[in-house]
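User: I'm new to this structure and would like a guided tour, one question at a time. Please start once it is on view.

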Amino acid sequence: MLDILVERLRQKKRTVPFPGALPALPLRFRGRPFIDASSCIRAAGGDCAACAKACPTEAVHMEDRGPALDMGACTFCGACAAACPAASLVFTTDWRLASTERAALFIRPLPAEAHVVHDPMGRDKAMAGAAVVQSFPPRPERTFVLPELPLAPTREAAGAFARSCRLRQVTAAGCGACEADLNVLGTVVFDIARFGLDFVASPRHADAMVLTGPVPRNMREATLKCLAAMPEPKLIMAVGACAISGGLFRSLPDEGQEEGDSAFPGRPQRQNPQRAEGALPHMGVGLFIPGCPPHPYTSLDGFLRFIGRTTPSSARLSP
Amino acid sequence: MTQEQKSRTRGGFFSAEGQGPANDSLQLRNGYAAPLDAIPVMGFSRFAHWLGTLAGEKSRSTEGPTCRVCAFFALPGPLLPWAESREQQPGGAQERSVSENGEASFTLLAVLADDAAGVLHLAATEVGDRYPSLTPRIPALHLFEREAHEKYGIVPEGHPWLKPLRFSRPGGPDVGFMDFYRVEGDEVHEVAVGPIHAGVIECGHFRFQCLGEEVMHLEISLGYHHRGMEALLAGGPHRATLPLLETAAGDNTIAHTWAYCTLVEAFAEQLPSPRGQLIRSLALELERLANHTGDLGALAGDVGFLSTLSYCGRLRGDWLNTSAMICGSRFGRGLLCPGGAAFDLDAQLVHSLKDKVAGTFRDVQGAVKLMWDSPSVMSRFTGIGIVPESVARSLGLVGPAARASGLDCDLRRSHPLSGLPMSPPPYKGRSGDVLSRAEARHEEIVNSAAFCSRLLERFLDDGGEEVQCAPFERPPFLKGRSISVALVEGWRGEVCHVGITDRGGRFAEYVVVDPSFHNWMGLAMALRGQQISDFPLCNKSFNLSYCGHDL
């Protein structure tokens with residue numbers, strides 16, 4: 001008994017002060033992508049599709065005004081940033097990726113003048129509600145002010161679930177990484193129980209389904225049965241690229257991107273007979289948390305704002 | 001050119017001189033490529049004799065090498081024309097090949113590992129759509145034969161339990177529908193669990209046949225996580241190959257990507273950069289440390305010892321954060337690439353990593369010691385879920401689970417990848433219960449942490465001389481019509497990848513064997529005669545991957 005107490009003192013209190021303080025993220029963390037409209041060749045009307053050709057999940061497609069990167073299919077591998085000849089596509093360290101709108105997950109070129117602060121000390125100029133983040137690799141002269149992604153909690157979420165929201169996690173063929181980084185939220189480090197959030201065993205006790213994995217053919221029935229067993233009102237949160245879009249496993253249109261000049265060009269098989277397309281459209285996903293897997297802070301930030309709590313904006317990031 | 005490079009450009013394979021079944025096979029070293037036509041194609045009875053002599057029950061009592069089954073798979077059609085006909089339609093994995101006289105024909109290819117000699121034995125045979133099952137003689141083949149049956153409809157006659165494996169065919173039986181074993185009797189009852197379990201965990205279905213509290217038999221039916229991985233890999237390497245293999249088993253990313261990179265390097269006849277190889281090695285041990293630490297905590301949690309559970313839950317995250325310091329991802333995503341590693345370490349980072357490893361290891365030791373010092377934990381672990389050595393050997397268990405049953409197998413020692421200093425000390429003989437598996441993991445934590453510290457010293461000593469850890473600059477030319485095998489000792493055990501290239505150097509077939517594929521049957525055997533309430537404890541002591549099995 002005494003040993004346990006001594007060890008308890010030695011192990012110290014380890015619960016992070018979030019959301020009271022900013023999270024500690026690794027320097028090489030790849031968060032929200034940023035495309036600089038002033039240097040993007042495609043945005044200026046040039047003929048370039050290097051980012052799209054490099055993407056393993058074909059998450060980037062070309063529009064009239066430049067590339068559009070779908071974070072809902074992105075694995076954050078960084079291949080597009082490495083392929084960008086103008087270095088205008090970078091991954092910032094902004095961990096706040098969650099949104100209640102699927103369309104908001106598309107990253108499009110942003111005008112550099114409006115959103116890039118070249119003086120890292122000029123943080124005061126940051127727009128209200130915007131995120132100031134470093135890029136990867138960190139370059140002090142490039143600090144970004146990114147507009148917040150829309151995250152409007154539903155009325156049920158803000159009202160009924162604000163103080164207690166029980167989560168039923170369903171792994172619909174996830175690889176184990178999203179699951180591990182959700183599991184960690186229950187440890188002493190994140191301790192989500194202090195926010196009234198908790199993972200529960202039975203769908204009957206659950207307010208929200210936290211879905212991971214691409215929901216292939218063999219997991220569809222079980223997932224839908226679990227959802228049907230949950231009482232109303234119920235919320236669905238899709239965590240990770242697989243659950244949002246099918247990610248690496250989704251079928252791709254035949255007229256997709258041609259071979260690129262990345263290290264290993266070539267197209268993956270277009271059709272996956274296992275029909276792994278992520279959450280089914282009629283399930284009505286209410287919250288999207290991108291990543292492969294999302295960092296625990298990304299998920300926690302999404303959960304908390306979804307139930308109506310405030311989290312620190314990355315705008316308060318110190319150098 | 002180093003000696004190793006010479007041997008690699010020569011192919012690194014050899015056919016031994018002399019007599020006896022061992023010399024019939026193509027002998028290959030881990031991470032080398034050989035032309036497809038070097039694989040001997042034997043008649044079926046000779047093939048069966050070859051397999052039985054090298055890997056069967058009798059092989060341990062007779063002279064000559066004793067091998068383990070690493071992989072066994074079917075290809076449609078004869079071996080050589082097969083690789084060429086596939087070039088027309090890469091990725092069409094489900095079609096049946098029909099020979100001129102209208103009968104279906106298939107090639108069966110076996111990869112065996114001789115751990116004592118550090119070589120792999122390969123041989124093939126051609127069969128029609130049925131052949132006498134090899135499982136009765138070599139139980140380790142039971143899932144491999146089911147896999148070939150499910151994929152191509154080849155019937156291994158006399159297979160003791162020829163049931164669906166992954167329910168992978170869209171036109172086949174629905175997932176979970178099969179003839180489960182059933183023990184009859186007045187007092188016998190059945191407990192069905194899953195596919196969705198009561199926790200944040202992957203999905204699978206378990207059926208227990210119980211007499212009171214005692215489990216007479218546990219049958220495990222998986223396939224819910226089948227994502228079509230191998231079909232998506234055919235036709236590669238393409239830009240999605242590496243990210244796909246990063247998710248083969250999400251907590252085992254480094255082992256799977258290392259095996260893939262090794263295959264590409266073998267086909268390209270290039271060695272990885274020495275520094276890149278060291279970074280891979282460091283990442284692999286960090287992955288092992290994270291998972292073993294987390295599982296020791298979870299084992300403590302399953303017997304209600306919450307101190308160790310809480311501390312290890314936090315410490316697992318600290319190991320994951322150590323990986324993130326290197327590459328930005330807690331699971332090593334994007335760290336490895338063919339040719340080396342995508343991220344380098346500078347002196348400052350090496351110093352912070354050293355401090356982090358030392359500090360985390362110290363805390364793990366403190367947390368685990370509490371558990372060992374607690375008589376209530378020890379009594380719950382001891383004698384529970386025993387897998388005897390003979391069972392572990394005949395089922396072909398791998399990794400810590402096999403070592404806990406007394407098998408001395410570790411690929412880092414028996415089949416090392418090029419240029420690596422790691423050689424873990426031999427493991428103590430153990431009795432195969434939950435305590436043995438927990439102790440084996442703790443022992444590996446101690447060894448891996450010491451190895452990481454030594455490795456980090458080496459990064460400092462290098463003084464930045466071995467700087468090249470970069471990937472290939474342009475797409476390398478991969479040798480066509482070749483086969484290569486890569487084995488990596490992941491934290492669960494042997495990760496085996498087999499690649500076969502077509503004439504143009506693309507993967508005509510890519511076979512992934514996760515350690516879980518070998519070990520799930522070990523869990524079923526561990527439950528025999530146990531109380532059903534001990535299932536969570538036994539399950540966690542293995543902690544197998546569902547998606548690694550289902551792919």
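Predicted model: local features only at pLDDT ≥ 70, side-chain atom pairs only at ≥ 80, totals over all residues.

User: Where in chain A is A:Pro293 found?

Analyst: Residues are numbered from 1 along each chain as its sequence is written, chains are lettered from A and ligands numbered from 1 in the order in which they are written, and side-chain values use heavy atoms, with hydrogens and water left out. Helices (H or I, at least four residues) and strands (E, at least two) are DSSP runs numbered from the N terminus. On that basis, A:Pro293 is in the loop between β13 (287–289) and α9 (296–306) of chain A.

User: What is the omega of the peptide bond from A:Cys292 to A:Pro293?

Analyst: Most residues other than glycine have a negative phi, and most peptide bonds are trans. The bond from A:Cys292 to A:Pro293 is cis, with omega near -10°.

User: Which residues does the cis peptide bond with omega about 15° join?

Analyst: For this one, turn to the loop between β10 (188–193) and β11 (205–211) of chain B, where B:Pro195 sits. With omega about 15°, the cis bond joins B:Gly194 and B:Pro195.

User: Is A:Phe76 buried or exposed?

Analyst: A:Phe76 lies in the loop between β3 (66–70) and α3 (79–83) of chain A. Its phi is near 55°, a positive value in a residue other than glycine. Buried means under 20% relative accessible area, exposed over 50% and partly exposed in between (1.4 Å probe, protein chains only). Because its relative accessible area is 6%, A:Phe76 is buried.

User: What is the relative accessibility of A:Val215?

Analyst: Look at the loop between β11 (208–212) and α7 (217–228) of chain A, which holds A:Val215. Phi of A:Val215 is positive, near 50°. A:Val215 counts as buried because its relative accessibility is 0%.

User: How many residues of chain B are in contact with chain A?

Analyst: Contact means heavy atoms within 4.5 Å. On the chain A side 65 residues take part, and on the chain B side the count is 71 residues.

User: What is the area buried between chain B and chain A?

Analyst: Buried area is the accessible area (1.4 Å probe) that two parts lose on being put together, summed over both. Carbon and sulfur atoms give 60% of it here, and the area itself is about 5,300 Å².

User: Which element gives the most to the side of chain B that touches chain A?

Analyst: Between chain B and chain A there are four salt bridges, a salt bridge being a side-chain nitrogen of Lys or Arg within 4 Å of a carboxyl oxygen of Asp or Glu. A:Arg14 forms a salt bridge with B:Asp363, their closest N and O atoms being 3.4 Å apart. Elements of chain B that each supply at least two residues to this side are α5 (229–233), α6 (241–246), α7 (253–267), α9 (306–327) and α10 (347–372). With 12 residues, the one that gives the most is α9(B).

User: How many salt bridges does the rule find between domain 1 of chain B and domain 2 of chain B?

Analyst: Chain B is divided into domain 1 (13–157) and domain 2 (229–550), with bounds that come from an automatic or database domain assignment. Of domain 1, 43 residues are in contact with 41 residues of domain 2. B:Arg68 forms a salt bridge with B:Glu494, with the closest N and O atoms 2.7 Å apart. Across this interface of chain B, the count of salt bridges is three.

User: What separates the C-alpha atoms of B:Phe144 and B:Ala71?

Analyst: B:Phe144 is in helix α4 of chain B and counts as buried because its relative accessibility is 2%. Leaving aside neighbours within four places in sequence, B:Phe144 is in contact with residues including B:Ala71, B:Phe72, B:Val513 and B:Phe517. B:Phe144 and B:Ala71 are 73 residues apart along the chain, yet their C-alpha atoms are separated by 7.6 Å.

User: Finally, what percentage of the residues in chain B is buried?

Analyst: Chain B has 18 helices and 17 strands. Among its contacts with a separation of 6 or more, residues 24 or more positions apart account for 69%. Of the 551 residues in chain B, the buried ones make up 64%.
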